[in-house]
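Subject: Handing over a structure, with notes on its side chains

Dear colleague,

I am passing this structure on to you, together with some notes on what was found in it. Please look through the sequence and the model first and then read on.

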Amino acid sequence: MKKALVISAIASNQGKTLLTMALLQHYKGRVRPFKCGPDFIDPQFHEKIAQTPSVNLDGYMMNQEQLTWIFNKYMDKEVAILEGVMGYYDGMDKGASAYDVARSLDVASLLILDAGGSYITVAAVLKGMKEFRDDSTIKAVVLNRVSSQMHYDLVKKHLLIACPEIQVCGWIQKGLKTLSSTHLGLNLKELDAHTIQEVTQDVLEHIDLEAMESVMHLDKTKTSETYPFKTIVKKDEVCVLVKDKNFSFVYHDNLEYLRELYKEVILLDSTKDETITKNADIVIIPGGYVETEDSYGRIKESLNFKNSLIQHAKSKEVYAECAGLIYLGEFCDDKKMSGILPIRFELTDKRERLGYYKCEIDGEIKKGHAFHYSRIKKAPQTDIQLYKVSKKTAKDGGYKQDKVFGTYLHTMWRLGLFL
C-alpha cells in the first residue's frame, strides 16, 4: 500500500523544510517529493536529496480534477512527501493552501509545531488548527525546538488531552549541533550530501517513524476519468528549452508537457554559450536570475547564444517568463541584454510583485504566480502589444511583438502556453 503525507505548520520558518529534508533522505529511492504551491527553490532542493524530480501541486492554477490528475501521474513511488506552503490554511482564499491540496487528494497532514518556550499553549494551537475546518486532514504532529525529553513529555501529555485522535510522532531537539556551524546556519539548500545525512540522523533521532507511517496510508487515490486539460495535439516541431543556472525555474510537469507536445525538446545551457539550432521552431526561456551580478556574469559573454536567439526571433516563436523576459529586453539598469524587445528594466529595493496574478490574453484568462524586484523603466507606446497582469490593480506584465512573447508570470504550461 502506498503512503503519503503533507508536511505543514502554522507559518513559514517553523521547520517544514527541515523535516521534509530528513524524510526525503530517509525514504530515498522510494519517495516522490511534491511541493504545494508555486515554489521553484524547494523543488530543486527536494530533487537534490531524493534524486527524483519534485512536482508542484497548485490549487490556484489547477482545479481539483487537474490537481488529482497531476498527483496520480507522478505518484509512482512507494511514498509521497508533500511539503506545504506558509501556514496550513494560508492560501485558502485562492484554493491553494496545504489544507486544500491535502483535502482534495485525501492525504493525511502532519503539523510541525514550535514548542520553544511553551507547553500547554501548544495544545491549544493544535486544537484550534484541527477544529478550524471539520474536513481538515490533520492526523499527526511533530514538535520542534524541544529542550529535553521532559519538556516533550509535558507537551505531549497536554496534546493528548486536547486532541487524543492526533498521533504525536516525536520531537526535534532545540539547537541541533549539525545546524550550529556558522557556515551552515539554516540555509539547508546549500548543504552537501554528507551533512544532509548527519542532519537527518539528528532530526529523526526522537521521531517515531512507525507512528508517523500509521497515518500515511493512501487508501484510495481519487482518479480523473478523462484527461482534464486541453487535448494535446502533437506538433511536428522542435522546441529549445533554455535550462541552466540562470534560467532554472521550470516546473517538472512543464518539462514533461513539452516532451508530450513537441516532436523533440532540446535542453540548452546559455551559460555555456550554446547556440540555438537552426531547425528550432520555438525557444522557451523560463524564469530564474539574470539581473544579479553573479548571474549576469555567467551570460554576458555568451555572444553565440545571444546572436542565435536574435536570429531565431526574427521569424520564429520565443516565449519567456520573468528573467527570460528581462533577457529579451535591452537593458536591466546598466546590464546589456539581447535587445529583442524594445524594453528597459530596472531593479528596485522593494518587491514589485509577490503572489498569484491573472493576465487576459485575447479574451482568455491566464493564471500564474509572480515574484520579482524588477520593473519596466521604459517601453514604447507603439510597435509592441501590452498585456496587463492584475491582482487588484492591473500593471504592465506581458509583452508581445510579432512571434515573441514575454511575461512576468510563471504559469503551468499544460494549461496552455501564451503563444
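This is a predicted model: local features need pLDDT of at least 70, side-chain atom pairs count only at pLDDT 80 or more; totals for chains, interfaces and linings use all residues.

Residues are numbered from 1 along each chain as its sequence is written, and side-chain values use heavy atoms, with hydrogens and water left out.

Aromatic rings

Rings of Phe, Tyr and Trp (its six-membered ring) are taken as a pair if their centres lie within 6.5 Å, and the planes count as stacked when under 30 degrees apart, as edge-to-face when over 60, and as tilted for the rest. By this rule the count comes to 19 aromatic pairs. In one of them, the ring centres of F34 and F71 are 5.0 Å apart and the planes stand at 45°, so the pair is tilted. F34 belongs to strand β2 (residues 31–36) and F71 to helix α3 (residues 64–74), so this pair ties together parts that are 37 residues apart in sequence; here helices (H or I, at least four residues) and strands (E, at least two) are DSSP runs, numbered from the N terminus. F34 is buried at 0% relative accessibility, and F71 is buried as well, with a relative accessible area of 1%, where buried means under 20% relative accessible area, exposed over 50%, and partly exposed in between (1.4 Å probe, protein chains only).

The rings of F249 and Y289 have their centres 5.5 Å apart and their planes at 75°, so that pair is edge-to-face. F249 sits in the loop between β9 (235–242) and α9 (252–261), and Y289 in the loop between β11 (282–285) and α10 (293–299), so the pair links distant parts of the chain, 40 residues apart. F249 is buried, with a relative accessible area of 11%, whereas Y289 is partly exposed at 37%. Both residues belong to one aromatic cluster formed by F40, F249, Y251 and Y289.

Charges over rings

A charge is said to sit over a ring if NZ of Lys or CZ of Arg is within 6 Å of the ring centre and within 35 degrees of the ring normal. K73 lies over the face of Y74, at 5.4 Å from the ring centre, and R414 lies over the face of F229, at 5.9 Å from the ring centre.

Cysteines

A disulfide is a pair of cysteine sulfur atoms within 2.5 Å, and a search of the whole structure finds 0 disulfides. For C169, which is buried with a relative accessible area of 1%, the closest cysteine sulfur is in C163 at 13 Å, too far for a bond. For C359, which is buried with a relative accessible area of 0%, the closest cysteine sulfur is in C322 at 14 Å, again too far for a bond.

Two single residues

K403 is found in the loop between β20 (395–401) and β21 (404–407) and is partly exposed, at 45% relative accessibility. Y399 lies in strand β20 and is buried, at 1% relative accessibility.

F371, in strand β17 (residues 364–372), is partly exposed at 43% relative accessibility.
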